[in-house]
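Try each task before you read its solution.

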Amino acid sequence: MSSSSYSYEVGDKVGVLYDPARPLRSNIDSFSAVWLGPLLMIVVSLVTIPFMSIWFYVARIMAQRRQDAN
């Protein structure tokens, strides 16, 4: 995650999360760095799953009607 504006000033102390086996892959310990991506995925899923469920239900009903008509 990146941005064009910095939330911290040079010299500020910040928490850093990293895997000791791969220290080059690190994140600042902040809400947006840790939770923003997963929360956006949850919101998108909560919107998409009901829409797709209705879509498949309607498609199934239409297929049954077409099959009954033949």
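**Exercise 1.** In which helix does P38 lie? Then work out how exposed P38 is.

First, some ground rules: this is a predicted model, where local features need pLDDT of at least 70, side-chain atom pairs count only at pLDDT 80 or more, and totals for chains, interfaces and linings use all residues. Residues are numbered from 1 along each chain as its sequence is written, and side-chain values use heavy atoms, with hydrogens and water left out.

*Step 1.* P38 lies in helix α1. Helices (H or I, at least four residues) and strands (E, at least two) are DSSP runs, numbered from the N terminus.

*Step 2.* P38 counts as partly exposed because its relative accessibility is 40%. The cut-offs: buried is under 20% relative accessible area, exposed is over 50%, and partly exposed is in between (1.4 Å probe, protein chains only).

**Exercise 2.** Which residues form the aromatic pair, and what is its geometry?

*Step 1.* Searching the whole structure gives 1 aromatic pair. That pair is F51 and W55, tilted, at 5.9 Å centre to centre with 55 degrees between the planes. Rings of Phe, Tyr and Trp (its six-membered ring) pair if their centres lie within 6.5 Å; planes under 30 degrees apart are stacked, over 60 edge-to-face, and the rest tilted.

*Step 2.* Now place them in the helix: F51 and W55 are 4 residues apart in helix α1 (residues 31–69), so about one helical turn separates them.

*Step 3.* W55 counts as exposed because its relative accessibility is 53%.

**Exercise 3.** In what sense do strands β1 and β2 pair, and over how many bridges?

*Step 1.* Strand β1 (residues 16–19) pairs with β2 in the antiparallel sense, over 4 bridges. Two strands pair if DSSP finds at least two bridges between them.

*Step 2.* The link from β1 to β2 is a hairpin through 2 residues.

**Exercise 4.** Which residues make the nonpolar surface patch? Follow up by tracing the surroundings of I28 and V14.

*Step 1.* Y8, V14, V16, Y18 and I28 make a nonpolar surface patch of about 430 Å². Like charges are joined within 9 Å, nonpolar side chains (Val, Leu, Ile, Met, Phe, Trp, Tyr) within 5 Å. Accessible areas come from the Shrake-Rupley method with a 1.4 Å probe; for residues, only the protein chains shown count as cover.

*Step 2.* I28 lies in strand β2 (residues 22–28) and counts as partly exposed because its relative accessibility is 34%. V14 sits in the segment before β1 and is partly exposed because its relative accessible area is 33%.

*Step 3.* I28 and V14 are 14 residues apart in sequence and 6.8 Å apart in space, C-alpha to C-alpha.

*Step 4.* Contact means heavy atoms within 4.5 Å. Leaving aside neighbours within four places in sequence, I28 is in contact with Y8, V14, G15, A33 and V34, while V14 is in contact with Y8 and I28.

Note on methods
Patches are made of residues with over 30% relative accessible area and no salt bridge: like charges are joined within 9 Å, nonpolar side chains (Val, Leu, Ile, Met, Phe, Trp, Tyr) within 5 Å. A salt bridge is a side-chain nitrogen of Lys or Arg within 4 Å of a carboxyl oxygen of Asp or Glu.
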